[in-house]
Amino acid sequence: MRITTTVLKSLTVAAVGALALTACGSSNTPAASSPADANAVKLINEGKLTVCSDIPYEPFEFVKDGKNVGFDMDIAAEIAKDLKLELNVIDSSFDAIESGLFKTQCDIAISSLSITEARKGNMDFSTPYMDDDLTLVAKEGSGITDIESAKGKKVGVQQATTGAKFAKENGLDATGYEDSGLQIASLKAGTTVATLGNQSVLGYAIKDDPTLKRVADFKTGEQLGVAVPKGATAMLDSVNATLKRLTDDGSLAKFTETWFGSTN
């Protein structure tokens, strides 16, 4: 679902990761465990759940009034609470998350990350916490009603996303952008005639703009999950336990209503 961001962010992630390893003495030095965790979950920073997320990406993660908020941030806070840890969010590049490099500086990654077979080679995934298919958005009266009517015209997508892959597979002339804000801006400016991406993000982005509408939805079976480093079984079990609790007690449904309303 998410994009690959700038090289600068990637270098920053790598540099911070290298510093973290240096501080430990060597890459083989085990990370600290929280004394509050009965399962001895390995942590990058003692007493904290360090979470990597590519910010901003409304409504999943973004900054409001100086605080990290959003659907994913609510889930991350609950995972930290169940582990009796302080939540520490790091603004990471999505390429670092997607590649699995996040493990050098974070315990988990939550960033509207679609579960794919390719990504499973770099990380382990929680049980899915959201279904998120694709949608095509266009201006009212544009004549764009489906994939066929968009062919031969400029269509905005987010770089390195399932939406970009879908566009390529369906023969669209896709222009890649770094975030959904730029996607929508290009559509409003007329640089593109339509934009393709996940229903959650694009639905949220256009919900207050009557000039834009979802003209076609595509069932792709896409699901989002929380990522943990390969083999981090104790952490994965803890994350899954929290997701089950949030599902069973109705909290996840409340978070969904808060952040997506009827657009999800």
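I count two residues as in contact when heavy atoms lie within 4.5 Å. The model I have open is predicted.

**Entry 1: Phe 71**

With that cut-off, I asked what Phe 71 touches, not counting residues up to four places away in sequence. My list runs to Pro 59, Phe 60, Tyr 129, Met 130, Leu 252, Phe 255, Thr 256, Trp 259 and Phe 260.

**Entry 2: the cores**

Next I looked up the largest nonpolar core, and it has 36 residues. Phe 71 is among those with the most contacts inside it, along with Leu 49, Ile 75, Ile 108, Tyr 129 and Met 235. Which elements give two or more residues to this core? I noted strand S3 (48-53), helix H2 (71-82), H8, helix H9 (233-248) and helix H10 (251-260). H2 supplies the largest share, six residues. I also found a second, separate core of 17 residues, with Val 155, Ala 164, Leu 172 and Ala 194 among its members.

**Entry 3: H7 and H8**

The axes of H7 (residues 180-189) and H8 (residues 199-206) come within 10 Å and cross at roughly 55°. The crossing of H7 past H8 is right-handed.

Which residues make the contact? From H7 I have Ser 180, Gln 183 and Ile 184, and from H8 Val 201, Leu 202, Ala 205 and Ile 206. Sorted by class, that contact of H7 with H8 gives me five nonpolar residues, two polar and no charged ones.

Methods: Residues numbered from 1 in each chain as written. Predicted model: local features only at pLDDT ≥ 70, side-chain atom pairs only at ≥ 80, totals over all residues. Heavy atoms only, no water. Axes fitted to C-alpha atoms, helices over the stretch in contact; angles between N-to-C directions. Helix = DSSP H or I, 4+ residues; strand = E, 2+ residues; numbered from the N terminus. Left-handed = near helix turned anticlockwise from the far one by under 90°. Nonpolar A, V, L, I, M, F, W, Y, C, P; charged D, E, K, R; others polar. Core = buried A, V, L, I, M, F, W, Y, C linked by side-chain atoms within 4.5 Å. Buried < 20%, exposed > 50% of the residue type's maximum accessible area, 1.4 Å probe, protein only.
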